[in-house]
Number of protein chains: 2
Amino acid sequence: MQKPEYYDKLIRNVPDFPKKGIQFKDITTLIKDPKGLENAVNDLADSFKGEKVDKVLGIESRGFVFSTGIALKIGKGVILARKPGKLPAKTERAEYSLEYGKDSIEVHVDAISKGDRVLVIDDLLATGGTFLAAAQLVEKLGGVVAGIGCVIELTGSLHGRDQLKNYKVVSLVQIPVHE
Amino acid sequence: MQKPEYYDKLIRNVPDFPKKGIQFKDITTLIKDPKGLENAVNDLADSFKGEKVDKVLGIESRGFVFSTGIALKIGKGVILARKPGKLPAKTERAEYSLEYGKDSIEVHVDAISKGDRVLVIDDLLATGGTFLAAAQLVEKLGGVVAGIGCVIELTGSLHGRDQLKNYKVVSLVQIPVHE
């Protein structure tokens, strides 16, 4: 298990993206490093070793990278949570709030079977809205959330973890934000 | 190496998506199958065993799934080709034609170093426009295209492979389309 500082060094901070005042945490520098990618995947997989996991759900689109790695590592399949209109077959949808307005994500209804234990993965936990919507989708479809995992957790004023207190949440590095 | 029929069976055909008359090839049924995901990643990685590969480039966003798997398998990093405005740091951009109009993709300029041999991965080869744009980006940034790999190749009237004749192109299953 790598220390948070290891990940902190491999993640690039991009000031004022996508808009002025936002410090964007860029994982492309982590995943282009062969060891960085491998360690992130292994550390997330190992963090849920005690849990029974049937499927790994990746949230669009950076979540696809880490969820696929974990799925291959533990020998399970990967399922995708996508923006509306992207998945071609029958979907279930959940809404979440943005700073202004709402957005939503979808999962194929046949992606999850009754009782499936699903690990929910994205690159970043900020307000927790997307993760909560994904967890609700898993439950709507009869699955059980085996855990929530991300590389970066923004701590401080966002309180993302508070929204997810019903679940086991793992992050590899915690970065304070002041908004 | 699995036969094309193996992949054909695991890929779902969704008629009239995203619009009437299109037979959409849905890889979500392949990747939710643990063996399907593993075999697709291994077969693509094995197809390029003879090539020196330094990095694996995934094209947004289903390409992220297979590129990450291959990168982990061969012990390399993964880099992302994304729609404009998604990558936070300095990018290079390439345009490609759609049925009506144009679109473009971007890669971080520091994703590729001079001489890097880059494997370019997406789920599907149709007209070849996106793959060609990605290959041009690799070369613009001083890299060399080590190969082009996808799960599905649409054959028939689209002639995608003709656009990519300068490169080694591998697909796991070939599906004829009649447009």
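This is a predicted model: local features need pLDDT of at least 70, side-chain atom pairs count only at pLDDT 80 or more; totals for chains, interfaces and linings use all residues.

Let me start with one residue: leaving aside its neighbours within four places in sequence, which residues is A:Ala89 in contact with? The contacts are A:His108 in its own chain and B:Arg12 in the other chain.

A:Ala89 sits in the loop of chain A that runs between β4 (77-81) and β5 (91-97). There is also a spacing to note here. From A:Ala89 to A:Val109 is 20 residues in sequence, and the C-alpha atoms of these two are 8.2 Å apart in space.

Next, the confidence figures. Chain A has a mean pLDDT of 96, and 99% of its residues reach 70 or more. Which element of chain A has the lowest mean pLDDT, and which the highest? The lowest is α6(A), at 95, and the highest is β3(A), at 99. For the complex, the predictor gives an ipTM of 0.97 and a pTM of 0.98.

Now the two chains together. Chain A is superposed on chain B by a rotation of 180 degrees, with 0.0 Å of shift along the axis and an RMSD of 0.0 Å. The two copies are therefore related as by a two-fold rotation axis.

How many residues of each chain are in contact with the other? The count is 37 residues of chain A against 37 residues of chain B. Of the interface residues of chain A, 100% are interface residues in chain B as well, so the copies meet through the same surface. Between them the chains bury about 3,000 Å², with 65% of that on carbon and sulfur atoms. On the chain A side, A:Lys32, A:Leu72 and A:Pro88 supply 21% of the area buried against chain B, which is more than any other three residues.

I will turn to the backbone, beginning with chain A. The peptide bond between A:Glu60 and A:Ser61 is cis, with omega at about -10 degrees. A:Ser61 belongs to the loop between β3 (55-59) and α4 (62-74) of chain A. Further along, A:His159 has a phi near 55 degrees, which is a positive value in a residue other than glycine. A:His159 is in the loop between β8 (144-156) and α6 (160-163).

In chain B, please look at the loop between β1 (12-15) and β2 (23-26), where B:Pro18 is placed. The bond from B:Phe17 to B:Pro18 is a cis peptide bond, and its omega is near -5 degrees. B:Asp16 is in the loop between β1 and β2 too, and has a positive phi, near 60 degrees, again in a residue other than glycine. B:Asp16 counts as partly exposed, at 38% relative accessibility.

On to the aromatic rings. A pair of these is described by how far apart the centres are and by the angle between the planes. Over all chains, the count is four aromatic pairs. One of them is B:Tyr6 with B:Tyr7, an edge-to-face pair at 5.0 Å centre to centre and 90 degrees between the planes. B:Tyr7 is buried, with a relative accessible area of 0%, whereas B:Tyr6 counts as partly exposed at 24%. B:Phe17 and B:Phe24 have ring centres 5.1 Å apart and planes at 85 degrees, so this pair is edge-to-face. B:Phe17 counts as buried at 15% relative accessibility, and B:Phe24 is buried with a relative accessible area of 15%.

Last, helix α4 of chain B, residues 62-74. Just after α4(B) comes B:Gly75, with a positive phi of about 70 degrees.

That is what I have for today.

Key:
Residues are numbered from 1 along each chain as its sequence is written. Chains are lettered from A and ligands numbered from 1 in the order in which they are written. Side-chain values use heavy atoms; hydrogens and water are left out. Copies are superposed by least squares on the C-alpha atoms of residues with pLDDT of at least 70 in both. Contact means heavy atoms within 4.5 Å. Helices (H or I, at least four residues) and strands (E, at least two) are DSSP runs, numbered from the N terminus. Buried means under 20% relative accessible area, exposed over 50%, partly exposed in between (1.4 Å probe, protein chains only). pLDDT is the predictor's confidence in each residue, from 0 to 100. Rings of Phe, Tyr and Trp (its six-membered ring) pair if their centres lie within 6.5 Å; planes under 30 degrees apart count as stacked, over 60 as edge-to-face and the rest as tilted. Buried area is the accessible area (1.4 Å probe) that two parts lose on being put together, summed over both.
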